[in-house]
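Keep the sequence and the structure side by side while reading.

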Amino acid sequence: MTIPKLRLLLGDAEIRPAANEMELHPHLQQPELFRYVVEHGIVPIGYSPIGSPGRPERDRTPEDTVDIEDPVIVSIAKRVGVAPAVVCVKWAIQRGHVPIPFSVKRANYLGNLRAAVSEPLTAEDMAAIARIDKNCRLIKGQVFLWREGQSWEDLWDVNGEIAR
Ligand SMILES: NC(=O)c1ccc[n+]([C@@H]2O[C@H](COP(=O)([O-])OP(=O)(O)OC[C@H]3O[C@@H](n4cnc5c(N)ncnc54)[C@H](OP(=O)(O)O)[C@@H]3O)[C@@H](O)[C@H]2O)c1
């Protein structure tokens, strides 16, 4: 949910939402929505936390960037001795959201789980990753459009209002 939709929901809901599942990775940090969710006592859950490198073609555009190829992520990964994907997971946990990385490979999902219990990233690492936000939404949601002339941006209330 976006901030405008959450405002509407929170105005009416007798039972408040416990969590908001939202796309969160180093190239889409959504600081405003993240802050809003936390300030309202809602747990932010980050989907596609590694930047969804295996997502389907329908969710790819030429402008998309690749988190795990970002020089900042790659250089931290080399220094720490982990995969770039693990740096993304560590960043998420330390930032305070709940990442839900997907993997079908044992080595990869073990690496992602270990991210939660191994040496944390430094404050400098966290600050460097905060600076690489590109507002690059990867899971655009085209599959949820059903009317002629709609664009995927309409789903995300980019102008601060719910698109009609
Ligand atoms: N609520 C929603 O609208 C929404 C939208 C999108 C996604 N989600 C959920 O969020 C979860 C994750 O999203 P996602 O699958 O889009 O993206 P993701 O977790 O960012 O990326 C998954 C991809 O990263 C690879 N990977 C995972 N760990 C790795 C590692 N340690 N080293 C190298 N590669 C690694 C995986 O390949 P291997 O399998 O080969 O390791 C897979 O191709 C899914 O369970 C999905 O259902 C929810």
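Val38 has 14 C-beta neighbours inside 10 Å, so it counts as partly exposed. The scale behind this places C-beta atoms from the backbone and calls a residue buried with 20 or more other C-beta atoms within 10 Å of its own, exposed with 12 or fewer, and partly exposed in between. The model is a predicted one: local features need pLDDT of at least 70, side-chain atom pairs count only at pLDDT 80 or more, and totals for chains, interfaces and linings use all residues. Residue numbers start from 1 along each chain as its sequence is written.

Val38 lies in helix α2. Helices (H or I, at least four residues) and strands (E, at least two) are DSSP runs, numbered from the N terminus. Leaving aside neighbours within four places in sequence, Val38 is in contact with Pro44 and Gly96; contact means that the two C-beta atoms, placed from the backbone, lie within 7 Å. His97 is 59 residues from Val38 in sequence, yet the C-alpha to C-alpha distance is 9.2 Å.

Together with Gly46, Pro44 forms the covered face of strand β2 (residues 43–47), while Val43, Ile45 and Tyr47 form the uncovered one. On one side, β2 runs parallel to strand β1 (residues 19–23), joined by 5 bridges, with Met22 opposite Gly46.

Two strands pair if DSSP finds at least two bridges between them.

The largest nonpolar core has 16 residues, and Ala85, Val86, Val87, Cys88, Val89, Trp91 and Ala92 touch the most other members. Such a core is a set of buried Ala, Val, Leu, Ile, Met, Phe, Trp, Tyr and Cys residues joined through C-beta atoms within 7 Å. Helices α3 (71–80) and α4 each supply at least two residues of this core, and the largest share, 7 residues, comes from α4. Beyond its neighbours within four places in sequence, Val89 is in contact with Pro49, Pro99, Pro101, Asn112 and Ala115.

Which residues come nearest to the ligand? Of the 23 residues around it, they are Ile50, Gly54, Ala85, Phe102 and Ser103; a residue is near if its C-beta atom, placed from the backbone, lies within 6 Å. Helices α4 (84–95) and α5 (106–114) each supply at least two residues of the shell, and α5 gives the most, with 3 residues. The shell holds 12 nonpolar, 8 polar and 3 charged residues. Nonpolar covers Ala, Val, Leu, Ile, Met, Phe, Trp, Tyr, Cys and Pro; charged covers Asp, Glu, Lys and Arg; the others, Gly among them, count as polar.

Finally, Asp157 sits in the segment after α6 (123–130). Leaving aside neighbours within four places in sequence, Asp157 is in contact with Thr2, Pro4, Lys5, Ile162 and Ala163.
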